[in-house]
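Subject: Structure handover

Hello,

Here is the structure you asked for. My notes on it follow below.

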Amino acid sequence: MLVISLVILNLRKPGNVIDRVTLCDVDSSGLCIVNFGTDILGNMIINFQLPDADYPLFYVKAANRGIVNTYPCKASSNATNIFCSGARTPLGEYLDVEVYSAAEDTLMAQGRFIVSALIRTTPDSLIDEQTPTAELTPIPGTAYPNP
């Protein structure tokens with residue numbers, strides 16, 4: 001009797017599982033995106049919520065229309081929020097997000113999102129408390145209820 005065993009090698013270091021990035025209103029149990037915003041320079045800001053304060057520092061590579069841009073990230077005064085800034089994605093289009101460890105340059109998490117609205121942020125909000133203003137950039141042709 002011939003027994004064949006199959007061994008699959010995992011080339012990633014133990015514990016380095018590629019997680020799924022979600023929107024926080026869908027699943028906030030892991031790394032998730034709170035919102036997309038813009039700053040006064042026209043850069044897109046991605047506001048991440050971390051699963052815990054010990055989450056490793058990271059940067060983001062985001063792709064739209066086949067173009068990949070790098071988004072450096074900064075921690076906020078709130079230990080569970082990170083803000084990443086980079087090229088703006090047109091509203092209504094997909095953005096493929098990959099999160100890389102800053103220390104090891106390894107892929108940690110990924111997800112695909114449609115950027116449907118952008119919250120306008122101010123420089124003070126990115127430096128201090130990370131509190132965006134309430135201005136939203138609407139999607140053309142979309143009806144919104146009156147507040």
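Contact here means heavy atoms within 4.5 Å. Leaving aside neighbours within four places in sequence, I46 is in contact with I33, N35, F36, Y71, I82, F83, C84 and L95.

Some ground rules. This is a predicted model, so local features need pLDDT of at least 70, side-chain atom pairs count only at pLDDT 80 or more, and totals for chains, interfaces and linings use all residues. Residues are numbered from 1 along each chain as its sequence is written, and side-chain values use heavy atoms, with hydrogens and water left out.

Overall layout

The protein has one helix and 12 strands. Both are DSSP runs numbered from the N terminus: H or I of at least four residues for helices, E of at least two for strands. Along the sequence, the pattern reads β-β-β-β-β-β-β-β-β-β-β-α-β. Of the 147 residues, 33% are buried. Buried is under 20% relative accessible area, exposed is over 50%, and partly exposed is in between (1.4 Å probe, protein chains only). The protein exposes about 9,500 Å², with carbon and sulfur atoms supplying 57% of it. Those areas come from the Shrake-Rupley method with a 1.4 Å probe; for residues, only the protein chains shown count as cover. Among contacts with a separation of 6 or more, 53% are between residues 24 or more positions apart.

The core

In soluble globular proteins, nonpolar side chains tend to be buried together. A nonpolar core is a set of buried Ala, Val, Leu, Ile, Met, Phe, Trp, Tyr and Cys residues joined through side-chain atoms within 4.5 Å. The largest one here has 23 residues. Which of them touch the most other members? They are L31, F36, I46, F48, F58, V60 and V99. At least two core residues come from each of β3 (32-38), β4 (44-49), β5 (58-64), β8 (81-86), β9 (93-101) and β10 (107-115). β10 gives the most, with four residues.

Rings

A search of the whole structure finds four aromatic pairs. Rings of Phe, Tyr and Trp (its six-membered ring) pair if their centres lie within 6.5 Å; planes under 30 degrees apart are stacked, over 60 edge-to-face, and the rest tilted. One of the pairs is Y55 with F58, which is edge-to-face at 6.1 Å centre to centre and 90 degrees between the planes. Both Y55 and F58 are buried. Ring pairs also link F48, Y55 and F58 into a cluster.

Y59 and Y100 are stacked, because their ring centres are 5.5 Å apart and their planes are at 15 degrees. Y59 lies in strand β5 and Y100 in strand β9, so the pair ties together parts 41 residues apart in sequence. Both Y59 and Y100 are buried.

Two charges sit over rings in my notes. K61 lies over the face of Y100, 5.0 Å from the ring centre. The charged end of R112 sits over the ring of Y94, 4.1 Å from its centre. The cut-offs: NZ of Lys or CZ of Arg within 6 Å of the ring centre and within 35 degrees of the ring normal.

D105 is also worth a look. D105 lies in the loop between β9 and β10. At 49% relative accessibility, D105 counts as partly exposed. Not counting residues up to four places away in sequence, D105 touches Y59 and Y100.

Disulfides

How many disulfides does a search of the whole structure find? Two. The criterion is a pair of cysteine sulfur atoms within 2.5 Å.

C24 and C32 form one, with sulfur atoms 2.0 Å apart. The torsion about its S-S bond is about 90 degrees, so this disulfide is right-handed. C24 is buried at 16% relative accessibility. C32 is buried too, at 0%.

The other joins C73 to C84, S to S 2.0 Å. This link is right-handed as well, with 105 degrees about the S-S bond. C73 lies in strand β7 (residues 73-75) and C84 in strand β8, so the pair ties together parts 11 residues apart in sequence. Is C73 buried or partly exposed? At 22% relative accessibility, C73 counts as partly exposed. C84 is buried, at 0%. With the bonded cysteines numbered in sequence order, the pairing is 1-2, 3-4.

Best regards
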